[in-house]
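Morning, everyone. I have one structure to walk through today. Please have a look at it first.

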Amino acid sequence: MSTLMIVVASVRPGRIGLPIAEWVREGAEAHGGFEIDFADLAEIGLPFMDEPKHPRLRQYTKQHTIDWSARVDAADAFIFVTPEYNHSFSPALKNALDFLIQEWWRKPAALVSYGGISGGSRGVTAIEPVLAGLGLVRVGAEVEIPFAARLVTDGVFHPEEKDIAVLGKLLDETAILAEGLKPLR
Ligand SMILES: Cc1cc2nc3c(=O)[nH]c(=O)nc-3n(C[C@H](O)[C@H](O)[C@H](O)COP(=O)(O)O)c2cc1C
């Protein structure tokens with residue numbers, strides 16, 4: 001079985017990213033193909049990247065980096081649940097990605113994006129070169145949720161049919177790539 005890390009990329013009070021990520025977690029649990037690590041960047045609380053040495057050396061000096069490294073190392077696949085902010089993806093996610101390199105290498109990364117009319121798609125375009133640079137392998141299926149706030153009531157996300165269908169494809173693809181990439185690491 002593969003370990004799937006679901007990353008909550010929004011860290012603001014009142015974020016809708018948390019209920020959306022909880023829906024993703026429920027879907028992943030129902031899928032049954034994963035051990036799940038729910039990684040809420042607000043809880044993890046990484047500071048701005050503060051390591052003196054380049055991450056490729058893995059000579060970490062801070063406990064928060066050592067802990068984050070071990071957690072990402074243990075994962076076989078990732079789903080990043082990210083808002084679009086100013087035509088890009090969450091800066092907390094960029095920071096969390098920047099801390100590490102080898103820990104991401106040759107692992108699949110799927111995206112659940114949300115925002116206004118674009119459904120977070122400009123944020124997805126912005127993250128693609130970052131994923132490629134870190135050796136993450138982009139999962140083709142992608143959930144995009146336009147005007148996502150209208151689907152959240154009392155802290156619960158109510159997906160549309162299309163979201164449920166695409167999440168199913170995304171989870172299937174992620175499970176296949178998680179297994180397929182293991183021998184290549
Ligand atoms: C600083 C900021 C910038 C935003 N920029 C965009 C944007 O460029 N495109 C968009 O579709 N929505 C944008 N939005 C709307 C967000 O996508 C929407 O508020 C969403 O709920 C944010 O996710 P969160 O609640 O999980 O933080 C922006 C929101 C904020 C707070």
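Predicted model: local features only at pLDDT ≥ 70, side-chain atom pairs only at ≥ 80, totals over all residues.

Now the layout. We have 6 helices and 7 strands. In sequence order the pattern reads β-α-β-α-α-β-α-β-α-β-β-β-α. Take the contacts with a separation of 6 or more: 81% of them join residues 24 or more positions apart. As for burial, 38% of the 185 residues count as buried.

On to the core. The largest nonpolar core has 51 residues. Which of them touch the most other members? Ile6, Val7, Ile20, Val24, Ile79 and Val81. Helix H6, residues 161-181, gives the most to this core, with 6 residues.

Let me zoom in on valine 81. Set aside its neighbours within four places in sequence. Then valine 81 is in contact with Ile6, Val7, Val8 and Ala9, among others. Its list also includes Gly17, Ile20, Ala21, Val24 and Val112.

Next, helix H4, residues 91-98. Buried here are Ala92, Leu93, Ala96 and Leu97. Look down the axis of H4: the buried residues fall within an arc of 135 degrees, so they line one face of the helix.

Now the ligand. There are 14 residues around it, and the nearest are Ser10, Gly17, Pro83, Gly115 and Gly116. Gly17 has come up already, as a contact of valine 81. By class, the shell around the ligand holds 7 polar, 4 nonpolar and 3 charged residues.

Arginine 58 is not a glycine, yet its phi is positive, about 55 degrees. Arginine 58 sits in the loop between H2 and helix H3 (63-73). Histidine 87 also has a positive phi, near 65 degrees. Its place is the loop between E3 and H4.

Are these two exposed or partly exposed? Arginine 58 has 16 C-beta neighbours inside 10 Å, so it counts as partly exposed. Histidine 87 has 12, and 12 or fewer means exposed.

That's my tour. Over to you.

Methods: Residues numbered from 1 in each chain as written. Near = placed C-beta within 6 Å. Nonpolar A, V, L, I, M, F, W, Y, C, P; charged D, E, K, R; others polar. Buried ≥ 20, exposed ≤ 12 C-beta atoms within 10 Å, placed from the backbone. Helix = DSSP H or I, 4+ residues; strand = E, 2+ residues; numbered from the N terminus. Arc of directions from axis to C-beta. Core = buried A, V, L, I, M, F, W, Y, C linked by C-beta atoms within 7 Å. Contact = placed C-beta atoms within 7 Å.
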